[in-house]
Amino acid sequence: MQQVVTMGLYGLPFEGIKGIRSEIARVQQQEAQWMDALNALQQVMRTTFGYRLPLTLSRRKNKAYAPLMWRQGKTNRRLYGGLETPEGQGILKALPPEQQRELLNIEFKRIHLNHVVGLLQYEIARLKRLESEFEAWRDWMRDANRH
């Protein structure tokens, strides 16, 4: 049996405030699931390399919607550009080939997870903005209907 999806204004999957809030909750639930995947990747990094490497994966909330980034050694500075930087390349080349592949596999997953979670976080921010704009519009409509 095929499910019929009603579409709101302009083809959005919601029309009013209840639909917007429902969509926010749905996307937040997806984000939580993917955040579990980020935690799992951090655990893989710790299990695979322990504290031997002068870099680690760290979760941060930033406006770039890239929650998982590399931090450099004891200084705990962000390694902007990650493994693409000269520092990152130096760390990578200092590893034996098998560990290089393991680190590159972690980097591959980090890039993709950042993209997925970033898209969801951005969607949540936009939906919350839509919710607040819709609330303001409803208040204006109430005021207009009183007169």
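How much space lies in the second largest pocket? In this predicted model, the second largest pocket holds about 200 Å³ of space. Its lining is formed by 13 residues, and among these Met-69, Leu-79, Tyr-80, Gly-81 and Arg-110 are the closest to the centre of the pocket. Two elements, strand S2 (68-72) and H3, each give two or more residues to this lining. When the lining residues of the second largest pocket are divided by class, six are nonpolar, three are polar and four are charged.

The largest pocket has a volume of about 230 Å³, and it is likewise lined by 13 residues, of which Glu-31, Lys-61, Asn-62, Tyr-65 and Gln-121 lie nearest its centre. The elements that supply two or more residues to the lining of the largest pocket are H1 and helix H3 (97-146), with H3 giving the most, namely four residues. In terms of class, the lining of the largest pocket comprises five nonpolar, two polar and six charged residues.

A nonpolar surface patch of about 380 Å² is made by Leu-9, Tyr-10 and Leu-12. Of these residues, Leu-9 is found in the segment that comes before helix H1 (17-49). Leu-9 is classed as exposed because its relative accessible area is 55%, and the cut-off for this class is a value over 50%.

Methods. Residues numbered from 1 in each chain as written. Predicted model: local features only at pLDDT ≥ 70, side-chain atom pairs only at ≥ 80, totals over all residues. Heavy atoms only, no water. Patch = residues over 30% accessible without salt bridge, like charges linked within 9 Å, V, L, I, M, F, W, Y side chains within 5 Å. Areas by Shrake-Rupley, 256 points an atom, 1.4 Å probe, with all protein chains shown as cover. Salt bridge = Lys/Arg side-chain N within 4 Å of Asp/Glu carboxyl O. Buried < 20%, exposed > 50% of the residue type's maximum accessible area, 1.4 Å probe, protein only. 1 Å grid on protein atoms, 1.4 Å probe; cavity = no way out; pocket = protein on both sides within 12 Å on 5 of 7 lines; lining within 4 Å. Points joined across faces, edges and corners; volume = space filled by probe spheres on them. Nonpolar A, V, L, I, M, F, W, Y, C, P; charged D, E, K, R; others polar.
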